[in-house]
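Here is a short briefing to read alongside the sequence and the 3D view. Keep both open as you go through the points.

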Amino acid sequence: MSGLFGSTASTASSNTTGDISKDVALTAPPEDGISDLKFSPQSEHLAVASWDKKVRIYEINAQGGSEGKALFEHEQPVLNCCWSKDGTKIVGSGADKASRMMDLSSGNTTTASQVAAHDAPIRCARFVDIPQQQSQMLVTGSWDKTIKYWDLRTPNPVASITCQERIYSLDV
């Protein structure tokens, strides 16, 4: 029987690996499960968030190789990562109830500063454009049932929305 996603029949000899000929093997990969990964919108860099409490930044070359360029740590597993539109900033958010940001244009490749906090793990974060100010704001969604908007120049959220349930996903 054929369905929307192909045959529903299962065969013992089916290939579950798929085509891995264009996969990129990471140099010094995470030591635990990967929870999120994002390519930079401006360069050949890949951010990888992991349960080993780290966000790693890799540069991917034309031959499919990778080289570690930066790394920062959280206190608990990292659940999400996101890039700023200009590709200079990377944010990791996680089970430690914090979002941390590294500004790669500063030359810093090992530490990140905390830019957001919630009362429960932060499951997702995204940068959003603010057209009137020609800048970006960080939006975070948490298992504390809130979505918060952060002007990264100030330590407190500029707005907060209380939801009926935990936030698992976010897009802007």
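This is a predicted model: local features need pLDDT of at least 70, side-chain atom pairs count only at pLDDT 80 or more; totals for chains, interfaces and linings use all residues.

Residues are numbered from 1 along each chain as its sequence is written, and side-chain values use heavy atoms, with hydrogens and water left out.

**The four-strand sheet**

- Strands S7, S8, S9 and S10 form an open sheet in the order S7-S8-S9-S10, with antiparallel pairing; strands are DSSP runs of E with at least two residues, numbered from the N terminus, and two of them pair if DSSP finds at least two bridges between them.
- Strand S7 (78-83) and S10 are the edge strands, each with a single partner, so one side of each has no neighbour in the sheet.
- From one strand to the next, the twist averages 25 degrees, where axes are lines fitted to C-alpha atoms and angles run from 0 to 180 degrees between N-to-C directions.
- Strand S9 (residues 98-103) is largely enclosed by the rest of the structure, because five of its six residues are buried; buried means under 20% relative accessible area, exposed over 50%, and partly exposed in between, using a 1.4 Å probe and protein chains only.
- On one side, S9 runs antiparallel to strand S8 (residues 89-94) and is joined to S8 by five bridges, with Gly92 opposite Arg100 in S9.
- S8 and S9 make a hairpin with three residues between them, and Lys97 in the turn has a positive phi of about 70 degrees.
- S9 also pairs with strand S10 (residues 113-117), again antiparallel, over four bridges.
- In that pairing, Ser99 stands opposite Ala116, and Ala98 has Ala117 as its bridge partner.

**The aromatic pair**

- There is one aromatic pair, counting rings of Phe, Tyr and Trp (its six-membered ring) with centres within 6.5 Å, where planes under 30 degrees apart are stacked, over 60 edge-to-face and the rest tilted.
- The ring centres of Trp143 and Tyr168 are 6.1 Å apart and their planes meet at 50 degrees, so this pair is tilted.
- Trp143 sits in the loop between strand S12 (135-142) and strand S13 (146-150), while Tyr168 lies 25 residues away in the segment after strand S14 (157-162).
- Trp143 is partly exposed at 31% relative accessibility, and Tyr168 is partly exposed at 43%.

**Salt bridges**

- The structure has nine salt bridges, each being a side-chain nitrogen of Lys or Arg within 4 Å of a carboxyl oxygen of Asp or Glu.
- Arg56 and Asp52 form one of them, with the closest N and O atoms 2.8 Å apart, and both residues are buried.
- Lys69 bridges to Glu59 at 3.4 Å between the closest N and O atoms; Lys69 is in strand S6 (residues 66-73) and Glu59 in strand S5 (residues 54-60), so the pair ties together parts 10 residues apart in sequence.
- Glu67 also bridges to Lys69, at 3.6 Å, which links Glu59, Glu67 and Lys69 in a network.

**Ile130**

- Ile130 belongs to strand S11 (residues 122-130) and is buried, at 18% relative accessibility.
- Leaving out residues up to four places away in sequence, Ile130 touches Ser135, Gln136 and Met137, contact meaning heavy atoms within 4.5 Å.
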